[in-house]
Amino acid sequence: MASSSFLAVFRIVLLVLFFNGMVPMHAASQDDILSTICKKTRNPSFCFNVLKSAGTTDLKRLATFTLNLAHDKVAQTRALAQSLASKASDPKLKERYATCAEQYGEAADDIEDGKKDLGEGDYNGVNIKASAAMTEAGDCQDNFTQPPKDPSTLSGNGKTVEDICSIILVIANLLLGRA
């Protein structure tokens with residue numbers, strides 16, 4: 001008798017923890033969760049590949065993973081822009097690369113602030129910071145709409161930063177919906 005009441009209480013506790021997000025969902029539902037997130041992003045196939053590599057379906061962990069990924073890509077892109085600015089012989093390109101380096105510096109600050117906001121449970125703050133970083137990357141790309149064109153990989157990196165930030169925006173909105 002005591003063991004059956006223990007099992008009943010145990011099942012109830014597991015259900016409560018599951019529905020409050022404290023117990024990870026089954027691996028079989030990972031594709032469903034990733035699909036829910038990725039179909040709302042600007043590049044769903046990129047999103048699915050990125051989130052699949054995270055190895056989790058927990059929204060906070062996915063947010064942490066993508067914020068770290070964004071930070072790494074922003075830092076890499078800033079370093080590339082700085083290097084290109086120092087080596088460019090065309091004065092227009094030199095100026096544009098230097099501007100991009102500044103913009104990616106600001107994007108790095110935004111991502112760092114987003115990490116702090118996530119730690120504090122401020123999901124709206126995460127959303128705002130990811131949006132700001134996305135804007136900085138887009139502004140850099142906009143610098144090259146007129147000739148001379150950017151012959152480097154800087155534009156590709158900028159698109160990747162925007163795609164990662166798009167994922168962060170969706171996850172932050174989902175977290176907001178749970179709060």
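Student: Before we start, how were the residues numbered and which parts of the model count?

Tutor: Residues are numbered from 1 along each chain as its sequence is written, and side-chain values use heavy atoms, with hydrogens and water left out. Since this is a predicted model, local features need pLDDT of at least 70 and side-chain atom pairs count only at pLDDT 80 or more, while totals for chains, interfaces and linings use all residues.

Student: How many helices and strands does the protein chain have?

Tutor: Seven helices and zero strands. Helices are DSSP runs of H or I with at least four residues, strands are E runs of at least two, and numbering starts from the N terminus. Along the sequence the pattern reads α-α-α-α-α-α-α.

Student: Why is D163 called buried, and why is R42 called partly exposed?

Tutor: Buried means under 20% relative accessible area, exposed means over 50%, and partly exposed is in between (1.4 Å probe, protein chains only). D163 has 4%, so it is buried. R42 has 42%, so it is partly exposed.

Student: Which other salt bridge does D163 form?

Tutor: D163 also pairs with K159, where the closest N and O atoms are 2.9 Å apart. The two residues sit four apart in helix α7, which means about one helical turn separates them. K159, at 38% relative accessibility, is partly exposed. Salt bridges that share partners join R42, K159, E162 and D163 into one network. The structure holds six salt bridges.

Student: How do you know that K129 and D117 form a salt bridge?

Tutor: Their closest N and O atoms are 3.1 Å apart, so they are within the limit for a salt bridge. K129 lies in helix α6 (residues 123-142) and D117 in helix α5 (residues 91-119), so the pair ties together parts that are 12 residues apart in sequence. K129, at 22%, is partly exposed, whereas D117, at 9%, is buried.

Student: Why are α4 and α7 called roughly antiparallel?

Tutor: Two packed helices are described by the angle between their axes and the distance between the axes. Axes are lines fitted to C-alpha atoms, for helices over the stretch in contact, and angles run from 0 to 180 degrees between N-to-C directions. Under 35 degrees counts as roughly parallel, over 145 as roughly antiparallel, 65 to 115 as roughly perpendicular and the rest as oblique. Helix α4 (residues 59-87) and α7 pack at about 155 degrees, with axes 9 Å apart, so they are roughly antiparallel.

Student: What is the class make-up of the contact of α4 with α7?

Tutor: That contact has 18 nonpolar, five polar and three charged residues. Here Ala, Val, Leu, Ile, Met, Phe, Trp, Tyr, Cys and Pro count as nonpolar, Asp, Glu, Lys and Arg as charged, and the others, Gly among them, as polar.

Student: Why are α4 and α5 also put down as roughly antiparallel?

Tutor: Their angle is about 160 degrees, with axes 8 Å apart, and therefore they are roughly antiparallel. This contact divides into 16 nonpolar, eight polar and five charged residues.

Student: What makes G158 buried, and which residues does G158 touch?

Tutor: G158 is found in helix α7 and has 0% relative accessibility, so it counts as buried. Not counting residues up to four places away in sequence, G158 touches Y104, A137 and Q141, where contact means heavy atoms within 4.5 Å.

Student: Is S45 buried or exposed?

Tutor: S45, in helix α3, has 52% relative accessibility, so it counts as exposed. Over the protein chain, buried residues make up 39% of the 179 residues.

Terms used. Salt bridge = Lys/Arg side-chain N within 4 Å of Asp/Glu carboxyl O.
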